[in-house]
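Q: Could we go through this structure together? I would like to begin with the strands and then turn to other topics.

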Amino acid sequence: MTPERDRTAPTQQGALELGDPRPPVRPAPARPEGRVVRVVPDVAGIGRRFDYVVPARLAGEVTVGTLVRIDLHGRRVGGWVVEDDVEPVAGVEIKPLARVTGIGPAPELVALADWAAWRWAGRPRTFLRAASPLGRVTALPPPSSTGDRIPADQGGSDHRVDEVLGHERGVLRLPPAADRLPVVLAALAALPPDGDALVLCPSVGQARALGGRLRRAGRPVAVVAHDQPGTAAAAEWARAAAGGATVVGARAGAWAPVPRLARVVVLDEHDEAYAEEGSPTWHARDVVVERARRAGVPVLLVSSQPTLEAQAWGELATVDRSVERRGWPALEVVDRREEDPAAGMLTEPLAALLRRRGRVVCVVNRTGRSRLSACATCREIVACAACEGPVVQPDDDVLRCTRCGTERPVLCAVCGSTRFRVLRPGVSRLRDDLEALVGEPVDEVTGARGTDAPTTRVVVGTEAALHRVPSADAVAFLDLDQELLAPRERAREQAFALLARAARLVRGRAEHGRLLVQTRRPEDVVVQAALHGDPVRVSEAEELVRRTFRLAPFAAVADISGEAAPAFVAALGRPPGVEVQAGAGAWRVRADDHRTLCDALAAVERPPGRLRIDVDPLRA
């Protein structure tokens with residue numbers, strides 16, 4: 001019989017005696033040899049950072065911003081090095097980096113991504129992706145040769161921008177028909193010999209067009225656009241990162257590499273295309289303003305209707321009143337107050353405009369064939385038979401409920417009639433009506449119908465038509481009241497932006513541009529501002545409303561929604577200086593400034609589940 005072992009005697013490290021409840025003692029991982037870097041993985045839903053050791057073979061290739069591949073939870077994923085030569089967490093086994101993928105964002109953009117994650121309650125991964133090339137970049141070309149700088153008299157503008165270019169925070173109000181190129185050239189002419197500029201446009205198409213014009217003017221240009229991933233896009237990104245070129249981009253261009261940044265220019269600052277619709281809802285204007293502040297360089301915001309945020313931020317400069325008025329087209333207001341509310345949209349002034357020679361774009365922001373109908377027999381408003389919600393007619397043979405999604409044939413639920421009277425026609429129905437009126441084909445343009453430019457003389461569509469048609473002789477808004485009375489906080493500002501976009505399309509009075517507006521609110525401040533070419537009327541009215549109701553820029557606001565919103569709001573509590581209001585399935589959080597608001601949001605750990613935090617909501 002083997003004698004019983006003394007349980008108090010020392011045993012080999014890591015061994016576990018029978019019946020001993022203690023876990024085995026494992027040796028602590030030794031500190032890795034070589035540099036340790038911190039990596040943000042390119043994986044949705046992971047907010048942590050992980051430490052990795054840099055193998056000797058990669059030591060010369062890794063720095064802050066480098067794109068790498070790492071082993072994470074049994075799979076290999078991409079990531080960004082965000083900290084270099086860090087002290088590793090004690091007691092944690094550290095794996096080596098698998099390999100280097102290529103060059104990524106510069107260290108200052110990595111730091112800016114952390115700020116943006118705080119500012120818009122998101123994760124740095126979102127912004128690091130925006131700051132990275134769409135294709136692989138392993139080396140940079142030689143810097144572009146700037147050549148001779150454009151003299152001030154050649155780059156100068158007839159809009160007297162010299163004064164505003166002298167401000168660190170410049171805001172320039174130009175009429176819609178004014179060409180922006182002279183302003184950009186004037187800004188480039190004022191650059192120091194070793195500096196480059198970053199120029200933002202509302203769309204990729206406009207950025208490419210501006211880049212082409214600058215090249216023809218003799219400027220080295222890199223157009224950093226996120227619409228065509230691959231070799232060409234990576235080459236433009238590398239050209240920008242090499243330095244010596246004017247960098248032009250759209251919203252994502254706010255994160256483009258500009259190693260010698262000396263000035264930022266934002267064209268059409270008011271355009272909502274600069275705001276990201278997805279979460280986090282970051283705004284390119286605010287990103288470049290913070291980027292320029294950190295770099296100590298001036299910013300110029302150019303707009304036909306500078307937002308209240310821009311006016312509160314910088315020094316406003318304007319052109320002569322007569323110049324501004326001529327830069328707006330002639331506006332014809334069709335007063336429909338005396339007409340039957342059920343009357344159609346094809347008024348006599350519209351018919352007269354369509355009979356003129358030239359291209360006409362008709363705008364109404366309603367897709368499908370009908371957004372509201374009534375039975376022609378019993379006159380009942382068509383509603384959903386299941387939930388009594390509003391019903392739309394997306395095409396000829398179906399009715400669809402916008403609340404529950406129930407579909408049924410085009411049939412009255414009360415009397416069974418198949419004859420309907422359209423009270424609010426959509427774009428598809430209006431296309432048929434316009435074709436019958438003008439006796440020629442009419443193209444339909446909506447956001448869901450491709451990207452090709454229409455070819456017909458008369459075009460009807462949503463506001464997407466204002467971006468797809470390169471130029472027109474006239475633009476007609478068939479139902480501006482839909483925009484003026486939209487249930488949105490910025491409805492007037494957004495309606496005026498549509499008129500300004502249309503004015504850019506048809507040009508000013510000197511080019512005989514024409515706008516036609518059909519409305520039952522002819523005295524509305526938006527209509528009067530466009531009629532007189534005076535954006536101040538809208539900004540003054542908006543400022544009064546926003547101050548009264550504590551809206552941006554006179555307060556910092558965030559809307560919180562999603563299945564995880566109740567848990568998030570419960571964890572948020574009522575921190576000092578923060579007001580929380582409950583709504584229909586959403587919460588509004590308000591503070592006097594963004595620091596108070598964003599600190600409060602950043603202090604809450606995200607609960608599991610879908611969560612949307614919309615900081616500075618534009619469409620609320």
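Q: How many bridges join β8 to β11?

A: There are 5 bridges between β8 (residues 196-200) and β11, and these strands run parallel. D196 has L261 in β11 as its bridge partner, and V199 is bridged to V265.

Q: Are the residues of β8 buried or exposed?

A: β8 is mostly covered, with 5 of its 5 residues buried. On one side are D196, L198 and L200, on the other A197 and V199, and all are buried, leaving both faces of the strand covered. In a regular strand, side chains alternate between the two faces of the sheet.

Q: Why is β11 described as largely enclosed?

A: Strand β11 (residues 261-267) has 7 of its 7 residues buried, so the rest of the structure largely encloses it.

Q: Which sense does the pairing of β11 with β12 have?

A: The parallel sense: β11 and β12 (residues 299-303) pair over 4 bridges. V264 has V299 in β12 as its bridge partner. Between these two strands the chain passes through helix α8 (residues 284-295), and this β-α-β crossover is right-handed.

Q: What about the loop between β11 and α8?

A: That loop contains P280. The peptide bond from S279 to P280 is cis, with omega near 0°.

Q: Where else is there a cis peptide bond?

A: Another joins A552 and P553, with omega about 5°. P553 is located in the loop between α17 (536-549) and β25 (556-561). For context, most peptide bonds are trans, and most residues other than glycine have a negative phi.

Q: Which residues have a positive phi without being glycine?

A: R507 and D616 are two of them. R507 has a phi near 75°, and D616 has one of about 55°. R507 belongs to the loop between α15 (491-506) and β24, whereas D616 lies in the segment after β28 (612-615).

Q: Changing topic, what is the order of strands in the open sheet of 6 strands?

A: The order is β14-β24-β23-β15-β22-β21, with parallel pairing. β14 (330-335) and β21 (442-445) are the edge strands, each pairing on one side only. From one strand to the next, the twist averages 20°.

Q: And which helices pack on that sheet?

A: Helix α11 (residues 348-355) is one of them, touching β14, β15 (360-363), β22 (458-461), β23 (474-477) and β24. The direction of α11 makes about 160° with that of β24. Helix α12 (residues 427-438) also packs on the sheet, in contact with β15, β21 and β22, and its direction makes about 165° with that of β21.

Q: How is β14 joined to β24?

A: These strands run parallel and are joined by 6 bridges, β24 covering residues 514-519. L331 stands opposite L515 in β24.

Q: Which residues touch the most other members of the largest nonpolar core?

A: L198, W255, I560, L601 and I613 do, in a core of 69 residues. Helix α1 (residues 107-119) contributes the largest share, 7 residues. Beyond four places in sequence, the contacts of W255 include L109, L112, A113, A116, F127, W282 and R291. There is also a second, separate core of 33 residues, and L331, V361, V506 and L515 are among its members.

Q: Finally, where does pLDDT stay under 50?

A: Residues 1-19 form one such stretch, and residues 152-156 form another. For residues 1-19 the model has 7 contacts beyond four places in sequence, and for residues 152-156 it also has 7. Where pLDDT is low, the predicted coordinates should not be read in detail. Over the chain, pLDDT averages 89, and 91% of the residues score at least 70.

Note on methods: Residues are numbered from 1 along each chain as its sequence is written. This is a predicted model: local features need pLDDT of at least 70, side-chain atom pairs count only at pLDDT 80 or more; totals for chains, interfaces and linings use all residues. Side-chain values use heavy atoms; hydrogens and water are left out. Two strands pair if DSSP finds at least two bridges between them. Axes are lines fitted to C-alpha atoms, for helices over the stretch in contact, and angles run from 0 to 180 degrees between N-to-C directions. Contact means heavy atoms within 4.5 Å. pLDDT is the predictor's confidence in each residue, from 0 to 100. Buried means under 20% relative accessible area, exposed over 50%, partly exposed in between (1.4 Å probe, protein chains only). A crossover is right-handed if, with the strands pointing away from the viewer, the path from the first strand over the helix to the second runs clockwise. A nonpolar core is a set of buried Ala, Val, Leu, Ile, Met, Phe, Trp, Tyr and Cys residues joined through side-chain atoms within 4.5 Å.
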